[in-house]
Amino acid sequence: MLIKEVDVLLVLVKNEVNKILSRRKMILISVIILILASLFAYGQSHQYKNTLNKYLKTTTESGDVPWQSLQKQQIQDLKNRLNRPDTPEASKVSINIQIQQNQYYLDNNINPITPSSAKFSVKLMEQSISVLLPLLIILLAGDSVCSEFSAKTIKILLTRAVPRWKILLSKYMALLIMFSIVILEMAVISILISGLFFNNWGFNEPVATGFSSVSGTLDISNVVKVTQLQYLILVYSLGWFVSVIIGTISFMISVLVRNAATSIGIMMATLVGGGFLRLFLADWPIVKYFFPINLNLPQYLTGSYTPISGMSLNFSTLVLLAWGIGAFIVSFVVFTKQDVLV
């Protein structure tokens with residue numbers, strides 16, 4: 001009996017995956033990732049060459065760039081910014097932490113300067129996890145349920161001899177599969193594209209993670225050295241977790257509003273609103289419990305300064321997990337109890 005139930009669920013999941021693929025959204029997402037990864041890789045390559053031309057006139061005898069010289073120059077530039085009278089006091093703490101972190105890299109012979117495929121892929125996820133990645137996930141999940149109402153197929157769907165919760169679960173499981181594909185696709189595309197630009201994979205290079213800031217000072221007591229490959233897997237795992245949470249919340253909105261445009265619009269407005277809240281109301285204690293404020297999980301690995309006190313990797317993870325579980329429960333309660341034929 002259990003095997004039969006599982007088989008039915010797997011058939012439903014397969015049908016839902018085919019529905020998503022038939023809308024060709026994955027093609028659009030792939031094109032977006034490909035274009036942005038190419039542009040960002042080109043931009044980073046161009047910026048690195050400009051930096052070399054600006055600060056360095058020679059390379060080593062082997063042709064390698066002495067990254068230590070660039071690192072020292074960056075530290076000096078940050079110190080100059082720190083001492084400028086027009087630098088806001090709020091920015092000085094962040095700049096001071098950057099100086100300490102760059103000095104740690106220099107003292108421990110860790111090269112954060114020379115671009116590589118692994119570094120670029122990590123950077124792409126770090127920069128995408130708060131805005132670009134959520135937008136791609138919203139595009140994928142925003143109409144997962146409400147599209148059935150728009151297309152007038154919900155009645156046909158519910159006439160099957162299958163419980164409503166199982167129909168909804170199959171949709172959710174199909175989305176989880178697609179979220180995982182998006183994350184994997186972003187990793188593969190960014191690695192291959194940046195590999196062409198930089199001609200340097202860099203997977204075995206060391207990287208330090210576990211930095212934290214305490215009262216405006218860099219805390220290195222919990223720093224762990226790993227390879228770039230290990231760090232890449234860690235950062236993309238955080239990206240997958242964020243995509244699941246955003247996707248689950250989008251899934252809930254899709255169940256509640258029954259209109260694709262409205263569902264996607266609500267989620268996009270929420271993301272934008274989260275950015276404004278962090279910018280203008282960072283001193284309001286309740287803000288840190290709003291899910292868009294907690295999306296940038298990799299910032300805790302790099303020691304980036306967090307302007308809202310009380311936030312940490314564990315805190316943000318638990319907040320996002322609570323939002324995800326709550327959205328999941330609401331989705332199933334509403335879909336199974338409400339008269340969806342109205």
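A pocket, on a 1 Å grid over the protein atoms alone, is an open set of points with protein on both sides within 12 Å along at least five of seven lines, and its lining residues have an atom within 4 Å of a point. Keep that in mind as we walk through this predicted model.

Let's start with the largest pocket, which holds about 1,500 Å³ of space. It's lined by 43 residues, and those nearest its centre are Gln74, Pro112, Lys123, Glu126 and Gln127. Several elements give two or more residues to this lining, among them α3 (67-83), α4 (89-107), β1 (206-209) and α10 (228-257). The biggest giver is α5, with 7 residues. Sort the pocket's lining by class and you get 20 nonpolar, 19 polar and 4 charged residues.

Rolling a probe the size of a water molecule over the atoms shows where empty space is left. The structure holds 1 cavity of 30 Å³ or more, and the largest cavity has a volume of about 60 Å³. Its lining is made up of Glu16, Ile20, Arg23, Leu140, Ser144, Lys171, Ala174 and Leu175. Helices α1 (2-22) and α9 (164-198) each give two or more residues here, with α9 giving the most, at 3. By class, the cavity's lining has 4 nonpolar, 1 polar and 3 charged residues.

Finally, take a look at the surface. Ile27, Val31, Ile35, Leu39 and Phe40 make up a nonpolar patch there, and together they have about 460 Å² of accessible area. Valine 31 sits in helix α2 (residues 25-55). Its relative accessible area is 40%, so valine 31 counts as partly exposed.

Note on methods
Residues are numbered from 1 along each chain as its sequence is written. This is a predicted model: local features need pLDDT of at least 70, side-chain atom pairs count only at pLDDT 80 or more; totals for chains, interfaces and linings use all residues. Side-chain values use heavy atoms; hydrogens and water are left out. Patches are made of residues with over 30% relative accessible area and no salt bridge: like charges are joined within 9 Å, nonpolar side chains (Val, Leu, Ile, Met, Phe, Trp, Tyr) within 5 Å. Accessible areas come from the Shrake-Rupley method with a 1.4 Å probe; for residues, only the protein chains shown count as cover. A salt bridge is a side-chain nitrogen of Lys or Arg within 4 Å of a carboxyl oxygen of Asp or Glu. Helices (H or I, at least four residues) and strands (E, at least two) are DSSP runs, numbered from the N terminus. Buried means under 20% relative accessible area, exposed over 50%, partly exposed in between (1.4 Å probe, protein chains only). On a 1 Å grid over the protein atoms alone, a cavity is a set of points where a 1.4 Å probe fits but cannot get out, and a pocket is an open set with protein on both sides within 12 Å along at least five of seven lines; lining residues have an atom within 4 Å of a point. Grid points are joined across faces, edges and corners, and a volume is the space filled by probe spheres set on the points. Ala, Val, Leu, Ile, Met, Phe, Trp, Tyr, Cys and Pro count as nonpolar, Asp, Glu, Lys and Arg as charged, and the others, Gly among them, as polar.
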